[in-house]
Amino acid sequence: MNLLFVDDEQRILEELFELATYLGHKVYMASDADEALNILDKNIKLIDIVFTDLKMPGKSGLELVRDIEKKYKNRSFRIFLMSGHLEDDFSDKSLCITGFLKKPLDVKNFQRVLNTLRSDG
């Protein structure tokens, strides 16, 4: 699968890159929402899943999800929000969010999520 990770922390992007490529996935990385939208513009037919940090400078992860849904209405993405803060509110039911992952990511749980998504097609 082709995965896009969006996080303002370079260390987290590097960890996600290493883990996902080790598991056999193609990885795209962006350090903010605008960079993520640029990557999607260039690779729209390739990206299967977007994983975005919830809290980032500039546009938040929720704002990125809104932009994706507005800009790519005819393209279905699976989108996961990620956060290290338990108190974060990601309950906007109007958005098509596949799930939520707590940071730091649990490797086994992350692998289970990817395996489930792969088998779901």
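Predicted model: local features only at pLDDT ≥ 70, side-chain atom pairs only at ≥ 80, totals over all residues.
Phe 5 and Phe 51 form a stacked ring pair, and Asp 7 sits in the loop between E1 and helix H1.

**The sheet and a helix on it**

- At one end of the order, E4 (residues 78-83) pairs with E5 in the parallel sense, over four bridges. Ser 83 has Lys 102 of E5 as its bridge partner.

**Aromatic rings**

- Searching the whole structure turns up five aromatic pairs.
- Take Phe 5 and Phe 51: their ring centres are 5.1 Å apart and their planes meet at 25°, so this pair counts as stacked, the cut-off being planes under 30 degrees apart.
- Phe 5 belongs to strand E1 and Phe 51 to strand E3 (residues 49-53), so the pair ties together parts that are 46 residues apart in sequence.
- Phe 5 is buried, at 0% relative accessibility, and Phe 51 is buried too, with a relative accessible area of 0%.
- Ring pairs also join Phe 5, Phe 51, Phe 80 and Phe 110 into a cluster.

**Charges over rings**

- Lys 26 puts its charged end over the ring of Tyr 28, 4.9 Å from the ring centre.
- Arg 75 does likewise with Phe 77, its charged end sitting over the ring at 4.8 Å from the centre.

**Asp 7 and its surroundings**

- Asp 7 lies in the loop that runs between E1 and helix H1 (10-22), and with 0% relative accessibility it counts as buried, since the limit is under 20%.
- The Asp 7 side chain makes a polar contact of 2.7 Å with the side chain of Lys 103.
- A polar atom of the Asp 7 side chain also lies 2.8 Å from the backbone nitrogen of Glu 9.
- Leaving aside neighbours within four places in sequence, the residues in contact with Asp 7 include Ile 12, Ala 30, Asp 53, Met 82 and Lys 103.
- Asp 120 is another story: it is 113 residues from Asp 7 in sequence and 26 Å away in space, C-alpha to C-alpha.

Technical notes:
Residues numbered from 1 in each chain as written. Heavy atoms only, no water. Pairing = 2+ DSSP bridges. Helix = DSSP H or I, 4+ residues; strand = E, 2+ residues; numbered from the N terminus. Phe/Tyr/Trp six-rings, centres within 6.5 Å; stacked < 30°, edge-to-face > 60°. Buried < 20%, exposed > 50% of the residue type's maximum accessible area, 1.4 Å probe, protein only. Lys NZ or Arg CZ within 6 Å of the ring centre and 35° of its normal. Contact = heavy atoms within 4.5 Å. Polar contact = N/O pair within 3.5 Å; in protein donor to acceptor, adjacent residues only side chain to side chain.
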